[in-house]
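Here is a brisk report on one model. It moves from the whole chain to single residues.

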Amino acid sequence: MKTLVVGVGGMTNGGKSTLSKSLHQQIPNSCLIAQDWYFKDDSVVPVDSNGFKQYDSEDTFTVCSSHRDLFGAAG
């Protein structure tokens, strides 16, 4: 069986999750893995000098868990 991995990227609030959920509903036997699931608790997300959370920081993401799930889903 052939495996196809599709990555969806874009700006904040650009509709990535909406598109991904729609594709998942329309494609039989698909698997959805959202990066949002792997962010650490908001309390550890760094804040910049303007008071904005910096989710692009490496410190906000649990990389090991996402790799395990991604490679496990890809077979």
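Accessible areas come from the Shrake-Rupley method with a 1.4 Å probe, and for residues only the protein chains shown count as cover. On that basis the protein exposes about 6400 Å². Carbon and sulfur atoms supply 54% of this area.

The model is predicted: local features need pLDDT of at least 70, side-chain atom pairs count only at pLDDT 80 or more, and totals for chains, interfaces and linings use all residues. Residues are numbered from 1 along each chain as its sequence is written, and side-chain values use heavy atoms, with hydrogens and water left out.

**Overall make-up**

The secondary structure comes to two helices and zero strands. Helices (H or I, at least four residues) and strands (E, at least two) are DSSP runs, numbered from the N terminus. H1 covers 16-26 and H2 covers 63-73, with a loop between them. Of the 75 residues, 9% count as buried. Buried means under 20% relative accessible area, exposed over 50%, and partly exposed in between (1.4 Å probe, protein chains only). Contact means heavy atoms within 4.5 Å. Among contacts between residues at least 6 apart in sequence, 24% join residues at least 24 apart.

| Pair | Sequence separation | C-alpha to C-alpha distance |
|---|---|---|
| Trp 37 and Thr 62 | 25 residues | 9.2 Å |
| Thr 3 and Ser 30 | 27 residues | 9.8 Å |

Trp 37 lies in the loop between H1 and H2. Trp 37 counts as exposed because its relative accessibility is 53%. Thr 3 sits in the segment before H1. Its relative accessible area is 48%, so Thr 3 is partly exposed.

**A nonpolar patch**

Which residues make the nonpolar surface patch of about 540 Å²? They are Leu 4, Val 6, Val 8, Leu 19, Leu 23 and Ile 27. Patches are made of residues with over 30% relative accessible area and no salt bridge; like charges are joined within 9 Å, nonpolar side chains (Val, Leu, Ile, Met, Phe, Trp, Tyr) within 5 Å. A salt bridge is a side-chain nitrogen of Lys or Arg within 4 Å of a carboxyl oxygen of Asp or Glu. Leu 4 belongs to the segment before H1. Leu 4 counts as exposed because its relative accessibility is 72%.

**A positive phi**

Asn 29 is in the loop between H1 and H2. Its phi is near 60°, a positive value in a residue other than glycine. Most residues other than glycine have a negative phi. Asn 29 reaches 82% relative accessibility, so Asn 29 counts as exposed.
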